[in-house]
Structure formats: C-alpha cells, structure tokens
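Hi there,

Here is the structure I promised to pass along. Have a look at it first, and my notes follow below.

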Amino acid sequence: MTISRILRHPSFLIGALITATVLVMAAVAFVWTPFPPGQVRIIARFRPPSGINWLGTDHFGRDIFSMIMVGAQNSLSVGAVAVGIGMAIGVPIGLIAALKRGWTDDVVSRFSDLVFAFPAILSALLITAWLGPGAVNAILAIAIFNVAVFARVTRGAALQVLGREFVRAALAMGRGPLSTLLVHVLPNVAGTLIVQATVSFATAILAEAALSYLGLGVQPPNPSWGRMLADAQNHMFNRPWLAVVPGLAIAVTVLGLNLLGDGMRDLLDPRMRERRGD
Amino acid sequence: MIGFLARRLVSVLVTLALASVVVFTVLEVLPGDPAQMALGTEAQEDTLAALRREMGLDRPVLERYLGWIGGLLVLDFGRSLTYGVPVVSLVADRIQVTAPLAGLAMLMSVVIAVPLGIFAARNHQRVGDYGVMGFAQVGIAIPSFWFGIILILLFAVWLGWFQAGGFTPWREDPVAALKSLFLPSLALALTEAAILARVTRAAVLDTLREDWVRTARAKGVSENGILYGHVLRNALIPVLTIGGLIFAFLLAGALVIENVFYLPGIGRLVYQGVTQRDVVVVKNVVLLVSAMVVTVNFLVDVLYALVDPRPKARA
C-alpha cells in the first residue's frame, strides 16, 4: 500500500480528515473550551451565534460550542470503551470457536443469536430497568452487542484463514494451536477487524446518542450530543437552531468514521472493491 | 429443505427460551427484590409485603419463572403495576401504532431505495451513481431521531402541514391516524433506505456481470428487457434478505422514534415501563420485541430458502 494510493483515495482522505478533526476537538476540550461547559448564565440564555458564543447559548445560557467540544469527548469515549470491550472479549471467543469447532462453536453461535435477539436499545432499556440510567450502563449495553458482533466476524474470517495451506502446514509441523492463532491467524484477520472496529465505532456513537436522547446514557450536567437534542426539542418552536448543531455533530462524526472504514476496506483489500463494483 | 427449516426452528426456540431466562434473571432475580425496585427505597413495609404477594414473590424462583412462561403461552401477561390493567390489553392497544409505523417505514424505504439502487447501477461510475452513493453515506450517518426532529421543524413548525407529535386513534379518524404516522415513518425509513439502496445497486451490478446476461445481450434482447425481464428478479434475492433484517432494525428504531413523536406505541410503553419501574410491563414487552426480531429473522430464512434453492446445499 503506497502513500500515493492512499492519497488518491477520496473517501479515505475525507473520512480521516473528519475523524482527526473530531479527535483534536475532543482532545483540546481537556485543556481549553471557550467557556466552562457546565457554566449556567441565565442572563445569557438563548443567545444566537455571535463572536462571543460561536454557536449561541442554550436555555441555561450555557455555551453550545463548549458543550459540543466536551460532548465529543463523551461520545468518543463511550464508543471507544464499548468497542474496546467488544473486541477484547469477542475476538478471542471468535478465534477459539473457529479453531475448536464442535460444541464450543455451537455455544458461541447460540450466544450471538441470543445477543442479536436484543437490539442495543432494547438491552439498554433492560439494563437500565435493573441498574438505573447512566453512561456506564449505556457502555455495557453497547459492549455486549459488540462482543457478539466481533465474535461472529472474527470466527468467519478466522475459519477462512484456518483452511489455507500455510496454516494447515504450520499445524502439521507441530506448531501449537494457540501459537498458530497468534502468529498466523490473527495477523491475517487484523485488517477485517480494524475495518469492523471503525464501523462499530460509528454505530456505537449513534447508539450512545440515541440512549442519551432518551435520558438513559450520559447524565446531566455532563454534556452529551444526544441529551442536547432532547433539550433542544423542548424549545424547538422558538429556537430551532438549537436542534441543528448537535445533530450535525453526530452525523458528521459518523459519516467520517464510515468513510474511513470504507476507505480502509478498499485499501486493505482491493479485490473487495472490484467485487462491490465501486 | 425440511431438515434445514427444522434445524432453524429449533435454534429459534432455543434462542427464545434463553432470552426469556435472561429477561427474567435481569428483572426478577438479580435486583434481589423486584417489589422494592418497583416501589423505590422509601416504600412502607406493609405496601411492599402486599405487592410481593401480588407479584407472587413469596414463591420459589423456578416456580415463578415457569408460571410466567405458562401465562405467556395462554396470552396472560399479568397486570401492569402502573396502569392496573392486563399487559396483554396494553400491548394489543399499542401494537396498532407500532406495527403500521414499522410497516409504513418498510414500504417507504423500499419505494425510495429500489429505484435509486437500479438508477445507480445503470449509471455505474457516472454522476448519478456517485449522487446515490453520496445520499446513502449521508443517510446512514444521520441519526433517525435527529432526522425526526428536523422533519418536525420543517413540516410541522414552519410549513404546518403535519402535527408535531401525538396520534389520532384509528377508530376516530383513519386518515388522521395515517397522517400522524407519516413523518415518524419517514424518519425511520431514511437510514434503512440508504442501506437498501446500496444493497440493490450492488446486487444489480453483480447480476449484470453474469454470463447469461451476456448471452441475452448477444441474442439482441434490449437493455430494458434484460434489466426488468431478467436481472431484477435475480437481483431482488439479496434485497429481500436485507429487507427482512431491516424490519428488525425498524422495530428497534421505533423504540426511539415513538419517543420523538410522542406516539403511544410499544416503544413508548416499554420506555415508560422502565422510567416508572413497572417490572411486569418491561419483562413482557422486552421479551415480546425480542421474539418479534427472532421471528422475522426466521421468516426471512424461510423465504430465502424458498426463493433461492442454492444455500440449502450449504446448510
């Protein structure tokens, strides 16, 4: 994969640029925001965008741009932790299922079926009924879903690699199963997993936004994009612009990650691109 | 064929049984005392004792679980703690909103996506194709609940063509009922239409590359004849599969969209059940929704096996 090929791939470039911008915004928010994001100034409520408040203020007079910056932190961290847990548990499960086959494989398949019977929103509602609302419970719901996603994707990809001659040769020459998985199988499925992680990250951000919108995710006063939309809906008739910015933030971030994932898939596996006919 | 379907049916039943165990465990075993969960920590001891008796919590766990499952089989879902009416009548009421909502959204996404997908495939690697693919990327990225809010802004607040939320019951005014479902369905349909348009385009392109299409061209069949007489019928098989899976996503999406538009559907019922700590409603409705997801996936498999005999050999 040469640098020039990467630079000639528009969706990869645009996706990487958007993702990097959101990451930088979230990182900068650790050290600087135009205003303290939780600062309530009733006297300055519902200010339209201006040189002082770049994106205006909300019903508590809080600076929207500062809240969007800190909201990026929350969205990205919920997504990253949920996908991280999903990978950390799902990938080993998928690898072992592919290697062992038999009843181990059956158990993993049943587990995935069970998880997919509960869409993430539904399992989040179930977990909330048990533990109450909160960011950690939202992460838990999205993570459980991702464990099943990664177990299934890893299993499928690993089965293909395990059937190839060099892996069978390694096993025949006496390399142990664990070492075969780590040395031969994992590096060959890593590309698929990286692409899946990007797509899952985007889906996790959408799920977190939906849960926070319902009041089941990140709790106030900690700002989150979904929560900002729920608040905006209450003032939509008089202050419609409040409903635009947080939604755009979610959509642009997800768009960036999806473009990045598509781009990486094309760059890592050019045959895929031919098959899809793009 | 029969063997494949029998195996799939067994796995569906196993999944449903496991799902019921999970729901029961999370709501009735793990919290320790579901009556306390329902009433909160401030509740009086005698109120708690009365509710425990009513919920049958004085009986052993296994007996309670079997009692619940036995009730489900004869459509006795128990009585809601907040509404005081049988859950089955609540569900029967609310499904009249959620089922048409999901159905209408499904219809809209097919009507939008299939022509777009065919158009993109016919204009492969030209402006029209890139336009449709751009629409699909954006459609997948936009959260449906935000799109719902934007639709309310445009069509209810500014243009005044629709109401901003709420639902007119079917028996009062069927036209108004349909109208109150229009914007929510459109909000739900966008993401699914975007996915479906991509699938349709890819499927048509794949089929156009088959040898028999070249043969048909060589025999002088017109491009339209090839596309509508031969290709579309074959290309719609993957579209059908994804379409079925999308129905499950639509059900999940309805949980959120109903809250955006204040629609009294299944999603709002379970959401309110959670916020009002109505364990009986949550337990039954969550299992019901997951049963619908599993059943739709099973029906898609059956349909797929009927339409396309090829996968059966693999299964």
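Let me start where the two chains meet: 33 residues of chain A are in contact with 38 residues of chain B. Please keep in mind throughout that this is a predicted model. On the chain A side, at least two residues each come from H4, helix H5 (120-131), helix H8 (177-213), helix H9 (225-234) and helix H10 (245-268). Sorted by class, that side of chain A consists of 25 nonpolar, 5 polar and 3 charged residues.

H4 of chain A also has a partner within its own chain. Helix H4 (residues 102-116) of chain A packs against helix H6 (residues 135-162) of chain A, with axes that come within 9 Å and cross at roughly 140°. An angle over 145 would count as roughly antiparallel, and H4(A) and H6(A) are therefore oblique to each other. The crossing of H4(A) over H6(A) is left-handed. From H4(A), the residues making the contact are Val108(A), Phe111(A), Ser112(A), Val115(A) and Phe116(A), while H6(A) brings Ile144(A), Phe145(A), Ala148(A), Ala151(A), Arg152(A) and Arg155(A). In this contact of H4(A) with H6(A), 8 residues are nonpolar, 1 is polar and 2 are charged.

Now to chain B. Chain B has 315 residues, and 37% of them count as buried. Of the contacts in chain B between residues at least 6 apart in sequence, 69% join residues at least 24 apart.

One helix pair in chain B is also worth a look. The axes of helix H5 (residues 87-122) of chain B and helix H11 (residues 266-275) of chain B come within 7 Å, crossing at roughly 130°. That angle makes H5(B) oblique to H11(B). H5(B) takes part through Leu90(B), Arg94(B), Ile95(B) and Thr98(B), and H11(B) through Ile266(B), Gly267(B) and Leu269(B). The classes in the contact of H5(B) with H11(B) are 4 nonpolar, 2 polar and 1 charged.

Terms used
Residues numbered from 1 in each chain as written. Chains lettered and ligands numbered in written order. Predicted model: local features only at pLDDT ≥ 70, side-chain atom pairs only at ≥ 80, totals over all residues. Buried ≥ 20, exposed ≤ 12 C-beta atoms within 10 Å, placed from the backbone. Contact = placed C-beta atoms within 7 Å. Axes fitted to C-alpha atoms, helices over the stretch in contact; angles between N-to-C directions. Helix = DSSP H or I, 4+ residues; strand = E, 2+ residues; numbered from the N terminus. Parallel < 35°, antiparallel > 145°, perpendicular 65-115°, else oblique. Left-handed = near helix turned anticlockwise from the far one by under 90°. Nonpolar A, V, L, I, M, F, W, Y, C, P; charged D, E, K, R; others polar.
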